[in-house]
Amino acid sequence: MQTDVTPPRPSRDADDRPDRLPLDELPRWVPHADPVALLLTTAHLTGDLALLRDEWRPDLRIGVTEGGYPEPVREEIRRTCLDALGKAGETWDRDRPTYDTLQRVVEWAMRPEFAAYTPLLGDTLSFGPGDDPGRPSWTLSGVGGDPDFRVAVVGAGESGLLMAHRLRQAGVPVVVFERNADVGGTWHENTYPGCRVDIPSQVYRYSSHPGTWESHFSTRPAIAEYLRGFARDNGLYDCIELGSEVLGSRWDGERRRWVLTVRSAAGIREVPANVQVSAVGQFGRRTPRTSPGPSGSAAPPSTRRAGTAPWTSPACGSG
Ligand SMILES: Cc1cc2nc3c(=O)[nH]c(=O)nc-3n(C[C@H](O)[C@H](O)[C@H](O)COP(=O)(O)OP(=O)(O)OC[C@H]3O[C@@H](n4cnc5c(N)ncnc54)[C@H](O)[C@@H]3O)c2cc1C
């Protein structure tokens, strides 16, 4: 069971960075900060990588919060960081960290065997408004691509939305087929009571798209609204066909393109695409449960839906 560790709301948008550290506000916020994020942020802003001490290496396993530090260590970290940030108040570093800094951070937080992931981090982490290193460095017209080239993405969950956004940034015509009535995938479908993330909300944020969270482990509506906001703010609804299920696809070797069979309220039609991307998620389908019942007796396959597949309230006749 996750507990809420919600700090008071910040007074400014997460991406609206001031020119200098708000020194007078720090004592108010630092006691609520996640110690791991605080250490990493302080090391970045002050350039003092010695803050990443061996004895403060965090436990980042799922289910462990705040680095797994005992309370006295958390307090010591917060005191140390507050002091370091206070000293750096006028001269803090607003730039992206260097590759070497990122590498050191990865090795400290995640152990040296994860150093190979540093380039991936460098490509995905954003350090402020307009900082979008994952943006494609090419465009379709720039590489002399066929203007009729077209990509079909199946699914408008977290993965499909980002794929569509990146393709549009590269000027590639894209259409997304989503069988549900709105975007968000599993976070749109699941409505069971208390549904929320079990990893920090920030992990659900696209690094280049701002988001502030209601709590450390946000509830389903907050995640769903964030994903709808991502689609809205980036104009993605223009290229998403909601209520459209892809029934199948085949390769047309003669014309060298895919042909998708799409079912919507208007009927069934075939849609050609040069490339199709599957972003259908892994947990959206009903899975009959065949394990024995609690008493050990063979239970009939359950109608309950497995994993993150959609919940139907018992009052509606399922569940
Ligand atoms: C309570 C909860 C907690 C979770 N916790 C975590 C976590 O801590 N960490 C983690 O990594 N993941 C977690 N997940 C899993 C979740 O699946 C992922 O986080 C993520 O949202 C998956 O995104 P996706 O885009 O890959 O897939 P999905 O969100 O499943 O989206 C797939 C989309 O494709 C659409 N689609 C599928 N087939 C078709 C078709 N044939 N035609 C048209 N559309 C189609 C679906 O309608 C859906 O909208 C959690 C999920 C829930 C509900």
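What share of the contacts with a separation of 6 or more lies between residues 24 or more positions apart? The share is 60%, a contact being two residues whose C-beta atoms, placed from the backbone, lie within 7 Å.

This is a predicted model, in which local features need pLDDT of at least 70, side-chain atom pairs count only at pLDDT 80 or more, and totals for chains, interfaces and linings use all residues. Residues are numbered from 1 along each chain as its sequence is written.

Start with a cartoon of the whole protein: eight helices and seven strands. These are DSSP runs (helices H or I, at least four residues; strands E, at least two), numbered from the N terminus.

Next, select the ligand. Its shell has 27 residues, and Gly155, Gly157, Ser159, Gly185 and Gly281 come nearest; near means a C-beta atom, placed from the backbone, within 6 Å. Colour helix 6 (158–169), strand 2 (174–178), helix 7 (186–189) and strand 4 (245–252), each of which supplies at least two shell residues. Helix 6 gives the most, three.

Now select Val153, Leu161, Ala164 and Leu227, which touch the most other members of the largest nonpolar core, a set of 31 residues. Such a core consists of buried Ala, Val, Leu, Ile, Met, Phe, Trp, Tyr and Cys residues joined through C-beta atoms within 7 Å; buried means 20 or more other C-beta atoms within 10 Å of the residue's own, with C-beta atoms placed from the backbone. Helix 8 (220–233) is among the contributing elements, and its seven residues are the largest share.

Centre on Leu227: leaving out residues up to four places away in sequence, Leu227 touches Glu158, Leu161, Val183, Gly184 and Trp187.

Finally, select Val30, Leu39, Ile77 and Cys81, which are included in a second, separate core of ten residues.

Conventions:
A residue is buried if 20 or more other C-beta atoms lie within 10 Å of its own, exposed if 12 or fewer, and partly exposed in between; C-beta atoms are placed from the backbone.
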